[in-house]
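Reader: Could you show me how to read a protein model, one feature at a time?
Author: Gladly! Let's look at it together.

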Amino acid sequence: MDLKEKLISSFLAFENQVDVDTYVHDIRSKAIQTFEDKGFPSKKDEDWKYTSLNRILKEDYTVFPKQEYDIEYRDIKKYLIHDIDSYKIVFIDGKYSSHLSETTHDGMDICLTSAALSKPKYHLIIENYFNKIAPKDSLTSLNTAFSSEGAYIHIPKNKLVQKPIQILHFSTGNESATMLQPRNLIIVDENSHVQIIERHQSLTENPVLTNSVTEIFTNKRAIVDYYKVQNDNLNASLIDNTFIKQKQESICSVHTFSFGGKLTRNNLRFFQHGERINSILKGITIIGDKQHVDHSTLVQHIEPNCESHQDYKGIFGDNAVGVFNGKVIVEKEAQKTNAFQTNNNILLNDKATINTKPQLEIFADDVKCSHGCTIGQLDENALFYLRARGIPKKEAKALLMYAFANNVLESVKIPKLKQRINKLIANKLGVNIGFDL
Amino acid sequence: MLKITNLHASIDNKTILKGVNLEVKAGEVHAIMGPNGSGKSTLASVIAGKEDYEVLKGKITFEGQDIADLAPEDRAHKGIFMSFQYPIEIPGVTVTNFIKTAINETRKAKGLNDMPANKMLKLIRDKAELLEIDRRFLSRSLNQGFSGGEKKRNEIFQMAMLEPKLAILDETDSGLDIDALRIVANGVNKLKSKDNAVVVITHYQRLLDYIIPDFVHVIYDGKIVKSGTKELAHELEEKGYDWIKEEVNA
């Protein structure tokens with residue numbers, strides 16, 4: 001039985017075991033139908049031209065990992081930003097781990113999707129927000145059909161959330177291969193500000209496929225800073241689907257740091273509903289081996305006077321493959337839009353590959369839009385300069401790569417996170433440069 | 001200290017140096033002059049170890065050791081420094097962090113521990129003062145947005161920090177106004193001692209009014225065709241390079 005059939009046949013059992021109201025049940029039933037009709041995307045789909053899921057779909061994934069594995073804080077500490085005070089929502093093999101988490105209902109909800117989907121007090125929220133901006137493509141529909149657990153965050157208006165929120169998904173390899181489908185719902189009301197860090201981490205070498213969906217609603221004048229840390233091992237794959245609806249004068253930034261994993265696909269979509277909105281999409285990708293990272297972004301400018309800024313840097317070594325597909329749509333009404341996009345790449349050898357494709361669709365006539373992509377090697381003259389000052393080749397290369405990625409790193413607003421990313425980059429490059437940039 | 005014998009070097013299969021002989025002893029200042037395209041900067045790059053150049057023939061020894069096969073960083077660790085004609089911009093790495101890294105990597109290569117932070121800071125402060133460098137300048141990204149003069153001053157600042165045995169200044173005077181030239185020359189003179197040596201590569205004589213050379217060499221078509229004292233530099237300033245070319249071609 002292939003994975004698609006297995007998933008479809010699991011759906012019935014799944015629907016019977018979980019307690020949900022009919023509203024959610026209807027959405028799920030429609031979603032599984034969509035997935036059944038469309039199946040997994042293939043390279044024939046324009047959006048998947050450079051990324052094939054074949055090599056990760058052939059594993060015999062367990063769709064519902066059975067028993068809960070015993071994980072202690074010390075097993076996961078290194079994957080947390082542990083030296084800051086933060087809220088934590090921790091999942092082990094898709095199940096919530098209360099003893100590793102730190103949630104709250106005090107003046108805001110930082111808790112679980114399972115609660116939001118089943119408790120009557122959240123019914124209205126679910127009707128207003130759940131699955132409202134997730135598109136009906138096959139992978140998102142698959143997640144919707146099986147949506148049961150994840151982070152549910154609702155920040156009411158005028159609230160500055162003092163501590164960052166960390167959402168952590170661990171897989172234990174308790175099953176020989178595991179498929180996870182976390183579902184996050186994040187609502188930030190008027191004038192509120194929140195910082196969120198998300199990470200998916202496999203704790204063993206057993207294959208894991210995560211198909212995650214996150215819906216983020218950034219209401220009027222709200223500020224959301226979202227950071228994705230992707231540094232998983234070579235048997236873990238991630239399809240991250242993140243959809244963001246912004247209302248007027250809101251600012252939402254998503255930083256994606258992709259340093260690991262077997263195959264990573266980031267579907268990141270911003271929809272601007274209101275004026276004077278700012279959307280910021282930034283990423284650093286540093287991969288080697290046979291790793292594959294695909295950034296597929298979309299910003300839809302719908303109303304006037306909004307901005308978007310995309311800046312993705314990629315460094316590819318060994319046989320690694322990178323994809324950047326950045327789409328900007330400026331609708332007819334969206335006059336005075338400022339939309340900027342850059343994608344700069346360094347290929348460290350002849351075998352690494354980058355496919356980069358900017359797509360601008362502009363229907364308004366008074367806008368400022370720019371895009372630019374570069375593909376190059378490390379500058380030999382710069383390398384010589386550093387080496388002539390006594391900095392060995394490996395460190396000199398690392399320094400140049402830091403310099404290359406620096407302006408993305410600069411905009412990380414949580415100092416401890418920035419430090420951690422610095423360290424991850426240094427580890428990735430195999431150097432100990434010994435200073436923070 | 002530095003001894004170059006019959007050095008031939010090429011880049012992209014084009015031979016640039018065609019038999020250079022040069023000996024530089026500790027305590028000496030040498031000037032290498034010559035028209036454009038004569039091989040001045042190539043000589044500097046070959047001594048510093050730029051890998052684009054291939055040494056075809058001849059020998060380069062530093063303190064008695066053949067260095068032709070050493071990596072640039074290994075040469076730097078031995079005390080060879082080259083001030084670049086066109087210093088590279090490196091965004092995101094501050095002048096301070098860059099020089100710290102360079103010093104500590106050099107110490108590491110010698111089996112020493114990192115320099116203690118307070119000692120490093122004092123050293124940076126002292127050398128910055130010597131070159132009349134503003135403290136704020138040190139926290140800027142390396143060479144990014146620097147004026148021509150700032151870049152060159154920053155090169156000499158790095159030289160002051162690294163205290164090389166042999167400093168090669170490649171066209172350090174180009175793009176400098178007279179004040180910057182004076183500051184740079186002053187810095188070089190203060191760093192001079194009987195134990196180190198300086199090779200000044202320049203097209204013009206004016207820097208040599210400030211850094212007085214013991215020897216002046218003229219390089220033309222990949223060879224040193226004339227050597228003399230500082231008077232030779234004045235003669236070149238007055239008469240240009242044509243008479244040298246005529247002498248060689250005669």
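Predicted model: local features only at pLDDT ≥ 70, side-chain atom pairs only at ≥ 80, totals over all residues.

Reader: What radius of gyration does chain B have, and what would a compact globule have?
Author: The idea is to compare a chain with a compact globule of 250 residues, whose radius of gyration would be near 18 Å; chain B has 18 Å, so the two agree. Along its principal axes, the C-alpha trace spans about 60 × 40 × 35 Å.

Reader: What share of the residues of chain B count as buried?
Author: A residue is called buried when 20 or more other C-beta atoms lie within 10 Å of its own. In chain B, 44% of the 250 residues count as buried.

Reader: Which residues of helix α8 of chain A are buried?
Author: In this helix, residues 380-388, they are Leu383(A), Phe384(A), Tyr385(A), Leu386(A), Arg387(A) and Ala388(A). Their packing partners are α9 (393-410) of chain A and, from chain B, α1 (40-48), α2 (72-78) and β6 (80-83). After α8(A) comes Gly390(A), with a positive phi near 95°.

Reader: Which residues have the most contacts inside the largest nonpolar core?
Author: They are Leu399(A), Ile168(B) and Val200(B), in a core of 163 residues. Helix α9(A) gives the largest share of this core, 10 residues. A second, separate core has 19 residues, including Ile32(A), Phe35(A), Leu142(A) and Ala145(A).

Definitions and conventions. Residues numbered from 1 in each chain as written. Chains lettered and ligands numbered in written order. Buried ≥ 20, exposed ≤ 12 C-beta atoms within 10 Å, placed from the backbone. Helix = DSSP H or I, 4+ residues; strand = E, 2+ residues; numbered from the N terminus. Contact = placed C-beta atoms within 7 Å. Core = buried A, V, L, I, M, F, W, Y, C linked by C-beta atoms within 7 Å. Rg over C-alpha atoms; globule rule 2.2 N^0.38 Å.
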